[in-house]
Amino acid sequence: MPRHRPEHPAVVRVCHWTLALASTMLIGSGLEIFAAFPSFGEKMPPSDLFVPPSLLRIGGWLGGALQWHFTFAWLLVSAMTIYITYQIASGNGRQVLFVTRDVRGVWPMVRHYVLFGPKPTVSEMYNPLQKLAYCGALALIVASLVTGFALYKPVQLSWLVYGLGGFRLTRVWHFAAMCGLLAFIPGHFVMVVLHGWRNFASMWTGGLDVK
């Protein structure tokens, strides 16, 4: 008779899907905000860099997009705070943390997935490439929050804006963090497909049914 093997604690699953929802809404509303002034100022090309397609934008206009953006920014902050606190307090974060010893294992996993090379032996729950991707995505979320709040309160956080290179460059870093997250998403989907339906379902159910 199959038994249920725990894989993902409930708090991790809730935070995962909350982060996914919040990030989607923030990207869409962020594109609407960017469409109101699709450039990075005088020291960048003053003409429009590009205008995001309306299909990808959320909010309908600048004011509406800002309301969506602020709402889901706070949801993102809450989910990230709970997730990181839980991972540290429980020690669960060690299984996904990318550390120095994982560096040498990244290329063999890239070669396996991209060049169809031999599959390296993996003794942990996540392989080095997965760890790098997950930690990178979390770092990009943190970067987007830091730069986002600097843009939200440029006077109160003038020291932060100055440290980031000024208001214009802060917009660049914020936009770059979003682009990094957008680059992570297709790779994440590919990894989900490669690891199969049961692995995807475990992020909903919390575990796998094994014999």
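**Helix packing in a predicted model**

Let's start at one residue: Leu 182 sits in helix α6, which spans residues 167-195. Keep in mind that this is a predicted model. Buried would need a value under 20%, and exposed one over 50%.

Now look at what lies across from Leu 182. Take Thr 24. Along the chain, Thr 24 and Leu 182 are 158 residues apart.

Consider pairs at least 6 apart in sequence. Of those contacts, 68% join residues at least 24 apart.

Next, the overall layout. The chain holds 7 helices and 2 strands. What is the order along the sequence? It runs β-α-α-α-α-α-α-α-β.

Two helix pairs deserve a look. Start with α1 and α2. Helix α1 covers residues 10-36, and helix α2 covers residues 62-90. Their axes come within 8 Å. The crossing angle is roughly 150°. Angles over 145 degrees count as roughly antiparallel. Therefore α1 and α2 are roughly antiparallel to each other. The crossing of α1 past α2 is left-handed. What kinds of residues make up this contact? There are 23 nonpolar, 6 polar and 1 charged.

Helix α3 is residues 106-115, and helix α4 is residues 128-152. Here the axes are 7 Å apart, and the packing angle is about 100°. The band for roughly perpendicular is 65 to 115 degrees. So α3 is roughly perpendicular to α4.

Who makes that contact? From α3, we have Val 106, Met 109, Val 110 and Tyr 113. From α4, the partners are Pro 128, Leu 129 and Leu 132. By class, that contact has 7 nonpolar residues, no polar ones and no charged ones.

Last, the surface. How much of the chain is buried? Buried residues account for 37% of the 211 residues. The chain exposes about 12900 Å². Carbon and sulfur atoms supply 70% of that area.

To recap the geometry. The α1 and α2 pair is roughly antiparallel. The α3 and α4 pair is roughly perpendicular.

Definitions and conventions:
Residues are numbered from 1 along each chain as its sequence is written. This is a predicted model: local features need pLDDT of at least 70, side-chain atom pairs count only at pLDDT 80 or more; totals for chains, interfaces and linings use all residues. Side-chain values use heavy atoms; hydrogens and water are left out. Helices (H or I, at least four residues) and strands (E, at least two) are DSSP runs, numbered from the N terminus. Buried means under 20% relative accessible area, exposed over 50%, partly exposed in between (1.4 Å probe, protein chains only). Contact means heavy atoms within 4.5 Å. Accessible areas come from the Shrake-Rupley method with a 1.4 Å probe; for residues, only the protein chains shown count as cover. Axes are lines fitted to C-alpha atoms, for helices over the stretch in contact, and angles run from 0 to 180 degrees between N-to-C directions. Angles under 35 degrees count as roughly parallel, over 145 as roughly antiparallel, 65 to 115 as roughly perpendicular and the rest as oblique. A crossing is left-handed if the near helix is turned anticlockwise from the far one by less than a right angle, and right-handed if clockwise. Ala, Val, Leu, Ile, Met, Phe, Trp, Tyr, Cys and Pro count as nonpolar, Asp, Glu, Lys and Arg as charged, and the others, Gly among them, as polar.
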